Amino acid sequence: MILLGIETSGKTASAAVCNQDGIISQTSVLANRTHSQIIMPIVKDVLRNAGLTLDALDGFTVSVGPGSYTGLRIGIAAVKAFGYALEKKCAGISTLESLAYNLAGVTGYIRPVMKARGELAYTALFESDGKKILRISNDEIRPLTDIAEETAALDGSVMINGDGAELFAEYAEVLTAPPQLRLQLASSLCYACFAKGDAAFAEPCCLNADYMEATKAEKELAQ
């Protein structure tokens with residue numbers, strides 16, 4: 001199976017073409033422009049480098065959150081468009097789960113931490129035996145102090161990644177992932193998807209963002 005992964009949930013815009021055996025092509029850019037301006041050129045770039053067309057792909061996967069509200073919508077819209085146009089199934093993957101797959105070779109606990117607002121962060125806990133990753137907790141938004149307390153109580157090594165890793169390291173003594181594995185990667189989306197198998201895929205209409213918080217528009221309507 002050959003997948004195209006699109007990652008637009010954070011500052012990094014990333015696209016990758018992967019199969020179960022390895023990364024065929026990947027481009028990641030720390031975006032100074034909006035994802036809507038750069039993600040399609042990146043997709044074209046990875047397809048050209050892979051020597052493939054969209055028709056040759058077996059499916060698509062995208063980060064569905066948590067993350068930037070606008071960024072998530074851009075990535076999901078792109079994958080929905082591909083899925084509808086080519087009549088192929090799509091998979092939505094948690095941003096935090098995808099980050100855990102950056103560290104799939106680690107043995108021990110993996111704690112992705114993404115900045116939310118103030119002293120809050122998005123997080124989840126995973127455990128890896130160096131080959132397979134097991135989800136321990138659901139995605140949630142919590143105070144950094146609470147996350148640190150829970151993490152300190154774990155029996156075993158813990159590695160942190162995500163854009164909140166350095167901030168979190170101020171609250172707890174943990175191992176921090178190296179810079180090249182700290183932020184979102186489209187290839188990790190693909191491998192999280194491969195691990196889930198056919199159950200990960202659905203029709204394009206089923207793709208929805210999981211913001212985990214009310215959007216600005218929703219907050220304004222509630223006032």
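Lys and Arg are counted as positive and Asp and Glu as negative, while His and the chain ends are not counted; the place of each charge is NZ of Lys, CZ of Arg, CG of Asp or CD of Glu. On this basis the protein chain carries 19 positive and 26 negative side chains, with the centres of the two sets 6 Å apart.

The model is predicted: local features need pLDDT of at least 70 and side-chain atom pairs count only at pLDDT 80 or more, whereas totals for chains, interfaces and linings use all residues. Residues are numbered from 1 along each chain as its sequence is written, and side-chain values use heavy atoms, leaving out hydrogens and water.

Seven helices and 13 strands make up the secondary structure of the protein chain; these are DSSP runs numbered from the N terminus, helices being H or I of at least four residues and strands E of at least two. The radius of gyration, taken over C-alpha atoms, is 17 Å, close to the 17 Å of the globule rule (2.2 Å times the number of residues to the power 0.38) for 223 residues, so the chain is as compact as a globular protein of that length.

Buried residues (under 20% relative accessible area, 1.4 Å probe, protein chains only) account for 50% of the 223 residues.

Six strands form an open sheet of mixed pairing, in the order S3-S2-S1-S4-S5-S13, where two strands pair if DSSP finds at least two bridges between them. Strand S3 (22-30) and strand S13 (201-202) are the edge strands, each pairing on one side only. Strand S2 (residues 12-19) runs antiparallel to S3 and is joined to it by eight bridges; Ala16 has Gln26 in S3 as its bridge partner.
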